[in-house]
Amino acid sequence: MAEPRKYISQEELQSHNTPGDLWISINGKIYNVTDWSKVHPGGELPLLNLAGQDATDAFFAYHPGTAWKHLDKFFTGYFLEDYSVSEVSKDYRKLAAEFSKMGLFEKKGHITLISLCLTAVLFALTVYGILCSNSTWVHLLCGGSIGFLWIQSGWIGHDSGHYNVMISPEMNRLVQILTGNCLAGISIGWWKRNHNAHHIACNSLDFDPDLQHLPFFAVSSKIFCSFTSYFYERKINFDSFARFLVSYQHWTFYPVMCFARINLFAQSFLLLLSKKRVPNRVQEILGILVFWIWYPLLVSCLPNWGERVMFVLASFAVTGIQHIQFCLNHFSSSVYVGPPNGNDWFEKQTKGTLNIDCSSWMDWFHGGLQFQAEHHLFPRLPRCQLRKISPFVKELCKKHNLPYDSASFWNANVRTIQTLRAAALQARDLSNPVPRNLVWEAVNTHG
């Protein structure tokens, strides 16, 4: 006779939410992932952010069907008392299963091959233009081509961080190091740590690093009283200097984006030189060193300092387009304070994202992120499939009265500036920096 099931309450599950005592629930079964979090391929932050909660939808989103068989080793023997599944989650999981049956997760197209070839051609033309031409205009164009090369390598790195873009994990890793560390100077380890935290805690002001840009930017007055960043593990102060910069952020947004890459360089170094766990740290560092050899060497081949500065500014300014794209997808969407909730996965991902309307021939420009809601709901799905599943996601949002927000590239920029301007005007109010009321906050801060 089978032993009766053992149950624990939601309150008891929530008590196991620390790095040294980390439990989660998946499909009503309780798993102890304390030790696993230290070697989890996606890093420890996704598990920590969902610790003590039901994480079924997040598990569905991030793991293939083959991952389920590995869960048994972490099973505690307990089940979650009064476990239930919302209608939205039921439909979401059915949709994920349908996409899997259709083979969409395996059909990756030839985007990676095309992007790699384009990147190689751009690099070769840039080197040729600098070494074989004396024209200042050609050198300026070469600087812009490096910026465009960084954009394309960024899309490859983004894709390879979510699924295998190559025929094997080893080849996928090689492409990551080549396009991220060697060509772009950005640690793929840092990017994965940052990006996984962003996906799990989409638009949480204190858990999502993609919204934590003080002292330069603030998308909501909710952080004007300072806050603790659970990603950076420190308090971020809204002091007089931050207030001054935020007060003019709708004017400084585009200029700052032109130099946003400097922050990525700095964050890469900070992680690689820290005591945090970084898989293949030596490999990552060597890749970064390759970048800091070839890029300064290429700049030094220019005939004078004026052209060198012009070349660097052009490369940074062009790649700034990509940084703007990242901001458009989230800055004007709904934000919240606190940890993510595993029980409203679908709702949080759709409310915190903005799609960009564009023709299919412009998909290369956005790197798949124009379908931001689809990408957040199904992060393992190759970008060539996102346009195909868009009608299904839109229909599911309509069925459950959830937003499916989209705008043209121009309107997305307008909405972002409006959001920044609304927060800037509040920051200028020295006597009362917090929102005047909730209605004013909803109308002005979130576009």
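Reader: Which exposed residues sit on the face of α12 turned away from its buried side?
Author: In this predicted model, the face of α12 pointing away from the buried side carries Val282, Ile293 and Leu297, which are exposed.

Reader: And which residues of α12 are buried?
Author: The buried ones in α12 are Glu284, Gly287, Ile288, Phe291, Trp294, Tyr295, Leu298 and Val299. Looking down the axis of α12, these buried residues fall within an arc of 135°, so they line one face of the helix.

Reader: Why would residues three or four places apart point the same way?
Author: An α-helix has 3.6 residues a turn, so residues with that spacing point the same way.

Reader: What covers the buried residues of α12?
Author: The cover includes α5 (111–132), α6 (136–162), α7 (169–184), α8 (188–200), α11 (260–272) and α13 (305–328).

Reader: How far apart are the end C-alpha atoms of α12, and what span should its 20 residues have?
Author: Helix α12 runs over residues 281–300, and at 1.5 Å a residue it should span 28 Å; the end C-alpha atoms are 29 Å apart, which agrees.

Reader: Switching to the records, which residues does UniProt annotate as "transmembrane region"?
Author: The unreviewed UniProt entry gives that annotation to residues 111–131, 137–156, 252–273 and 285–305. In the model, residues 285–305 are 81% helix and 0% strand, with end C-alpha atoms 29 Å apart, while residues 252–273 are 86% helix and 0% strand, with their ends 31 Å apart.

Reader: What does UniProt list for residues 5–80?
Author: The unreviewed entry lists "domain: Cytochrome b5 heme-binding" for residues 5–80. In the model that span is 22% helix and 28% strand, and its end C-alpha atoms lie 10 Å apart.

Reader: Now Phe99: where does it lie, and is it buried or exposed?
Author: Phe99 belongs to helix α4, which covers residues 87–101, and it counts as buried because its relative accessibility is 1%, where the cut-off for buried is under 20%.

Reader: What does Phe99 touch, leaving out residues up to four places away in sequence?
Author: With those left out, Phe99 touches Leu104, Phe105, Phe378, Ile389 and Phe392.

Reader: Last topic, how many disulfides does a search of the whole structure find?
Author: The search of the whole structure finds zero disulfides. Cys132 is in none, and the nearest cysteine sulfur, that of Cys142, is 10 Å away.

Reader: How exposed are Cys132 and Cys358?
Author: Cys132 is exposed, with a relative accessible area of 52%, whereas Cys358 counts as partly exposed at 22% relative accessibility.

Terms used:
Residues are numbered from 1 along each chain as its sequence is written. This is a predicted model: local features need pLDDT of at least 70, side-chain atom pairs count only at pLDDT 80 or more; totals for chains, interfaces and linings use all residues. Side-chain values use heavy atoms; hydrogens and water are left out. UniProt positions are given in the numbering used here, feature names are shortened, and annotations may be inferred rather than shown by experiment. Helices (H or I, at least four residues) and strands (E, at least two) are DSSP runs, numbered from the N terminus. Buried means under 20% relative accessible area, exposed over 50%, partly exposed in between (1.4 Å probe, protein chains only). Contact means heavy atoms within 4.5 Å. The expected span of a helix is 1.5 Å times one less than its number of residues. The arc is that of the directions from the helix axis to the C-beta atoms. A disulfide is a pair of cysteine sulfur atoms within 2.5 Å.
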